[in-house]
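Visitor: I'm new to this one, so please walk me through it slowly.

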Amino acid sequence: MENRHSIYIQGSLEKAQWETQVWGEASWWPKDSLMRFERKETGPLKVGTRYCQKVLLPFAPSWDVEITVLNNVRVTRKFLNGMFEGEETVSCVPVPHGVTVTYCMQVRVKGFLNRILWALVFERLHNKNIEAILAHLKRYMENV
């Protein structure tokens, strides 16, 4: 399954690249986001950096991810456990007068119950949350 969201931002490619690399940790991250990233180690970001991603709802899932690609074009995190198998990527592409930032999750939902919960509840919440995150990034980038 692929879940893709994009947004156009008037701003520099270099700034967007940095802000998307610190996805989940950045100052612009929505305070009311349903997703929290907790880095498991200190130091600079690199391939191999791990996070615990937590959904901030009662009895909601959490999982660990690891950065597998980190460059000027994208950051990709692989799901290590939990309800997903696959990866998520945040990428930046220069366009006239700005940049397009794209979030793409390519996963398989593991487990019968998780597939039901994803279809009935979690996918809609995920989509709404990602759209809010991208909107916050846009507001931050265009007002800095």
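**A first look around His 5**

Visitor: Which residues does His 5 touch?
Guide: Leaving out residues up to four places away in sequence, His 5 touches Val 101, Thr 102, Tyr 103, Asn 127, Ile 130, Glu 131 and Leu 134, where contact means heavy atoms within 4.5 Å. This is a predicted model, in which local features need pLDDT of at least 70 and side-chain atom pairs count only at pLDDT 80 or more, while totals for chains, interfaces and linings use all residues. Residues are numbered from 1 along each chain as its sequence is written, and side-chain values use heavy atoms, with hydrogens and water left out.

Visitor: And is His 5 buried or exposed?
Guide: His 5 counts as buried because its relative accessibility is 8%, and the cut-offs are under 20% relative accessible area for buried, over 50% for exposed and partly exposed in between, with a 1.4 Å probe and protein chains only.

Visitor: Where does His 5 sit in the fold?
Guide: His 5 belongs to strand 1, which covers residues 2-9; strands (E, at least two residues) and helices (H or I, at least four) are DSSP runs numbered from the N terminus.

Visitor: Switching topic, what about Leu 120?
Guide: Leu 120 is exposed, because its relative accessible area is 57%, and Leu 120 lies in helix 2, residues 112-143.

Visitor: How many helices and strands are there?
Guide: The protein has 2 helices and 7 strands, running β-α-β-β-β-β-β-β-α from the N terminus on, and its C-alpha trace spans about 45 × 30 × 25 Å along the principal axes.

Visitor: What share of the protein is buried?
Guide: Of the 144 residues, 41% are buried.
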